[in-house]
Amino acid sequence: MRKYISEFLKGIIRENPTFVLALGLCPTLAVSVTVSNGIGMGIAATAVLLGSNVIIALIKDMIPDKIRIPCYIVVIATFVTITELLMKAYSPALNRALGIYVPLIVVNCIVLGRAEAYACKNSVVNSFFDGLGMGVGFTLALILISAIREFFGSGKILGLTLIKGFEPAFVMAMPPGALLVIGLLLGFFNVIKGRKA
Amino acid sequence: MKNNLIVSVSPHLHKGESVRMIMWMVVLSLVPAGAAGVFFFGIDALWLMALGVLSAVATEAVLQKAAGRKISILDGSAVITGLLLAFNLPPKAPFWIPIVGSVFAVAIGKQIFGGLGQNIFNPALVGRVFLMASWPKYMTAFTRPMSYDAVTSATPLAMLKGGGYLAHTSYLDLFLGKRGGCIGEVSAAALLVGALFLLMRGYIFWQIPVIYVLTVGVFTCIFGPQGYFSGDWLFHILSGGLILGAFFMATDYVTSPLTRKGQVLFGVGCGVLTSVIRLWGGYPEGVSYAILMMNAATPIIDRYTKNKVYGSLKLKVKS
């Protein structure tokens with residue numbers, strides 16, 4: 001059991017997909033304008049990651065080595081389609097807000113990266129916890145980035161105004177703001193890691 | 001100051017100059033333009049400049065302390081950053097605009113990269129562009145000069161973009177500074193006095209600013225509103241922040257090329273980009289974006305314009 005917990009926890013801090021592995025930066029930059037978008041994207045990616053990790057771990061011995069990437073893509077695309085249809089049915093507003101970035105989870109490098117680096121070499125249960133940890137780590141990173149951007153870019157968190165009379169800096173809601181926040185956070189976490197080591 | 005490394009036989013003489021002294025000389029050369037700003041826009045302009053300088057220096061001190069570096073606020077570089085940033089603000093900007101801008105300029109534009117000499121982009125311009133993208137309504141609310149009750153008025157370049165053409169502003173007004181605009185950019189005359197001082201003392205070289213201004217003149221003359229060679233080049237040279245940018249910001253030692261050849265290229269690039277933004281871009285003014293873009297190109301320019309080593313046959317570019 002302890003092993004599973006450590007598989008789960010490594011995705012949150014030690015191998016955080018955004019801040020340590022620097023994977024999946026494209027959707028991170030694009031959807032982290034508001035916290036609700038960030039949470040939505042994180043949950044969608046986590047669902048896909050769980051499904052694809054489990055299925056790929058199940059069928060890893062049947063896939064010929066030479067065509068493994070197309071096989072992964074088929075599995076991942078299936079789960080992305082399921083997620084997108086579910087999102088369209090139950091949360092059309094979120095689906096509109098995330099737009100093209102939901103279908104683009106197919107080529108999200110976290111999902112593909114975990115399939116190639118982990119699920120194809122490990123057992124089903126391990127892969128499940130790895131996917132869950134990575135997904136939660138990605139979601140937490142998105143929440144952190146989007147909270148900073150939403151607060152400074154529009155003066156709100158989850159749509160609620162925090163401070164009256166605060167003049168939001170539009171740039172934080174625009175692409176330069178995303179690059180700034182991610183860069184500063186990456187640096188910040190590297191400093192912390194450097195202090196620990 | 002960059003090419004003073006001449007190998008010669010002893011005895012050697014030190015010129016007695018240091019980074020600190022040059023920086024304070026640049027501050028001194030900015031005084032006439034600052035005074036002109038206060039003269040045209042009133043005491044508010046002075047407060048904005050003071051706030052900009054103070055917060056830039058304070059940020060530098062705090063960050064250097066936090067990073068465990070030597071605190072070098074007395075070298076004047078943070079003062080220049082704060083002052084130039086305030087020069088780029090409209091005279092009636094709210095008091096927190098220069099503070100936020102200076103903190104951003106020094107923190108993100110300079111100290112993040114490792115301090116003076118390490119920054120890729122001109123810190124003051126980084127601060128200005130950040131303010132411009134964040135609070136455009138404060139950064140583009142210009143007031144008419146010499147009227148102390150905040151009558152809003154467009155800058156001459158904005159009027160030009162809006163279709164009007166030199167409605168009230170004569171060349172003389174443009175040259176002396178009686179026009180709408182940012183605090184430090186309005187008076188070409190005052191800026192040129194400071195620039196002349198720097199040029200005579202050899203602290204800046206003529207290549208970048210002169211080529212920059214000439215390029216803008218030629219370009220805006222060729223692509224005029226009524227067909228080729230009908231442009232009002234003098235208007236374009238005197239208006240906006242061109243003189244301020246060309247002489248005081250494009251010439252920043254850290255972010256401009258080292259060789260003369262490179263500086264010429266840098267000036268041409270800045271000039272072309274500024275003219276393109278002014279004539280066809282979304283903004284009325286493009287000096288800050290042009291200089292920032294050429295700052296980004298500076299390492300490449302430096303790499304391909306190395307001086308030929310005396311006696312060597314072929315210049316090889318190391319990658």
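This is a predicted model: local features need pLDDT of at least 70, side-chain atom pairs count only at pLDDT 80 or more; totals for chains, interfaces and linings use all residues.
Biologist: Where does α1(B) bend, and which residue follows within four residues?

Modeller: A bend at a residue is the angle between axes fitted to the seven residues ending there and the seven starting there. In α1(B) the bend is about 35 degrees and sits at V31(B), with the proline P32(B) following within four residues. Residues are numbered from 1 along each chain as its sequence is written, while chains are lettered from A and ligands numbered from 1 in the order written.

Biologist: Good to know! What average pLDDT does chain B have?

Modeller: Chain B averages 84, and 86% of its residues score at least 70. For the complex, the predictor gives an ipTM of 0.80 and a pTM of 0.84.

Biologist: How many residues does helix α1 of chain B have, and how far does it reach?

Modeller: Helices (H or I, at least four residues) and strands (E, at least two) are DSSP runs, numbered from the N terminus. The expected span of a helix is 1.5 Å times one less than its number of residues. Helix α1 of chain B covers residues 19–41, 23 residues, and reaches 32 Å from first to last C-alpha, close to the expected 33 Å. After α1(B) comes G42(B), with a positive phi near 90 degrees.

Biologist: Which residues of α1(B) are buried?

Modeller: A residue is buried if 20 or more other C-beta atoms lie within 10 Å of its own, exposed if 12 or fewer, and partly exposed in between, with C-beta atoms placed from the backbone. In α1(B) the buried residues include I22(B), V26(B), L30(B), A33(B) and F40(B). An α-helix has 3.6 residues a turn, so residues three or four places apart point the same way. The buried residues of α1(B) pack against α2, α3, α9 and α12 of chain B.

Biologist: Why does F266(B) count as buried?

Modeller: F266(B) is buried because 28 other C-beta atoms lie within 10 Å. Its place is in helix α13 (residues 260–280) of chain B. Two residues are in contact if their C-beta atoms, placed from the backbone, lie within 7 Å. Beyond its neighbours within four places in sequence, F266(B) contacts I208(B), S256(B), P257(B), M294(B), T298(B) and I301(B).

Biologist: How many residues of chain A are in contact with chain B?

Modeller: Six residues of chain A are in contact with four of chain B.

Note on methods: pLDDT is the predictor's confidence in each residue, from 0 to 100.
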